[in-house]
Amino acid sequence: MAIDDCLKAECKGMKIDVVSADHQNKADIAAARAQEWIERDKVDALVDLTNSAGALAVQKIAADKGAIAMHSGPATTRLTNEDCTATGFHWMFDTYSLSAGTAEALTRLGNTDWFFLTVDYAFGHSLERDASRAVTANGGRVVGAVRHPLNTADFSSFLLQAQASKAQIVALANGGQDTVNAVKQANEFGIAKQQKLASLLPFITDIHALGLPTAQGLIYVDGFYWDRDEASRAFAARFEAQRKAKPTMVQGGVYSSVRHYLKAVAAAGTDEYKAVAAKMRELPIDDPVMRNASIRADGRVIHDTYLVEVKKPAESKGEWDYLKVLATIPAERAFQPLSASTCSLVKK
C-alpha cells in the first residue's frame with residue numbers, strides 16, 4: 001500500500017522491489033538473512049522486524065553494512081538507547097510507551113499491587129522492567145513475577161502463581177498468541193472475577209480472536225486505532241479489502257515507515273543510506289497512521305498514542321468496533337524523555 005501510494009506521487013518512475021522472509025523469532029536467522037540481502041542483493045532498507053532480539057541483531061548489521069532499519073513490531077527500548085544507530089528508526093510502540101500509559105493510569109486508580117506474567121526474552125524483560133518502574137513511580141509495588149516460554153500453550157502453572165499472589169493487577173508482559181492464550185485461560189481460572197487483567201501488548205486482532213465477552217474491560221495503550229478519524233477509517237477500509245481484517249498498530253507502522261522512507265529517497269534523489277537517513281530526519285511524517293509525529297536524534301519516532309478500553313458486547317456497534325479511547329497521550333509524553341536516553345547520538 002505504501003509503495004502504491006508513493007508511485008502515484010513522489011516515487012513516479014521508480015523501480016521498487018520487495019522481498020520478505022520469516023525469521024521464525026530467531027535472532028540468528030534474522031541476522032543471517034539481513035546480511036545476505038544487504039551484501040548479495042543490495043537491499044536498501046529493512047522493515048517491520050518483529051521480535052526484539054532479531055531487531056537488535058538486524059539493526060547492528062544494517063548500520064555496519066549500509067542500510068536503513070525501520071522497526072514497527074519490536075518493543076525493546078534498547079533500539080533507541082544503548083543499541084541506537086544513525087540509520088535505525090523505531091517507528092511504532094516500545095515498552096516505555098506501552099507501560100507508561102497503562103501502568104500509570106491503573107496504579108493511580110488505586111490498583112497498587114502488581115504481578116507479572118512475562119515472556120522470557122528481550123521484549124518481555126524490557127516490558128516488565130519499564131512497567132514495574134511506572135508502577136513504583138506512582139506508589140504501587142510489584143508483588144511477584146513469573147516468566148514463561150515464547151508460544152506456550154499451557155499457562156496454568158503461571159496463572160496459579162498469579163492467583164495465589166492476590167495482586168490486584170495481573171499484567172501480561174507478552175504479545176500475540178501468548179496474550180490470547182493467557183487471557184482465555186485466566187477466564188477459565190476465574191481470575192478476571194477476582195483480579196484485573198492488564199495486557200501490555202494486545203493487538204486489535206487479539207481482541208477479535210478473544211471476542212468481547214472474554215476481552216471486555218482490558219485497558220491498554222495502542223499506537224494506532226483504525227476508527228480514530230476519517231483518514232484512519234479510509235486507510236483501514238483499503239487494508240481490510242485486501243486482508244479481510246482491520247490493521248493493527250504494527251501494520252500501520254509498517255505502512256507509515258515505508259511511506260516516509262520512500263518520500264525521503266525521492267527527496268534526497270538517491271538511495272544512499274546516509275543521505276536517506278538524514279532526509280528522513282528532516283521531513284515531516286504525514287500519513288493516515290501517525291499524528292504529531294517526528295524523528296528524534298536517538299531514532300525514536302514520537303507520536304500520539306491512545307489509552308483504550310475494550311468495549312462490553314452491548315457497547316459495540318458491529319465487527320471490529322471493539323475499543324473506546326479513554327485518553328490521547330501526547331507525543332512528547334508517550335515515550336521515554338530524550339533527556340533519559342543513553343543513545344550515543346544524543347548530546348547531553
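Helix 4 makes the greatest contribution to the lining of the second largest pocket, supplying six residues. Helices here are DSSP runs of H or I with at least four residues, and strands are E runs of at least two, numbered from the N terminus. A pocket is an open set of points on a 1 Å grid over the protein atoms alone, where a 1.4 Å probe fits, with protein on both sides within 12 Å along at least five of seven lines; lining residues have an atom within 4 Å of a point. The model is predicted, so that local features need pLDDT of at least 70 and side-chain atom pairs pLDDT 80 or more, whereas totals for chains, interfaces and linings use all residues. Residues are numbered from 1 along each chain as its sequence is written, and side-chain values use heavy atoms, without hydrogens or water.

The lining of this pocket comprises 26 residues, of which Tyr96, Ala100, Gly101, Glu104 and Arg333 lie closest to the centre. At least two lining residues come from each of helix 4 (95-108), helix 5 (122-137), strand 12 (323-329) and helix 14 (331-334).

Helix 12 (residues 249-268) is mostly covered, with 15 of its 20 residues buried, that is, under 20% relative accessible area with a 1.4 Å probe, protein chains only.

How values were computed:
Buried means under 20% relative accessible area, exposed over 50%, partly exposed in between (1.4 Å probe, protein chains only).
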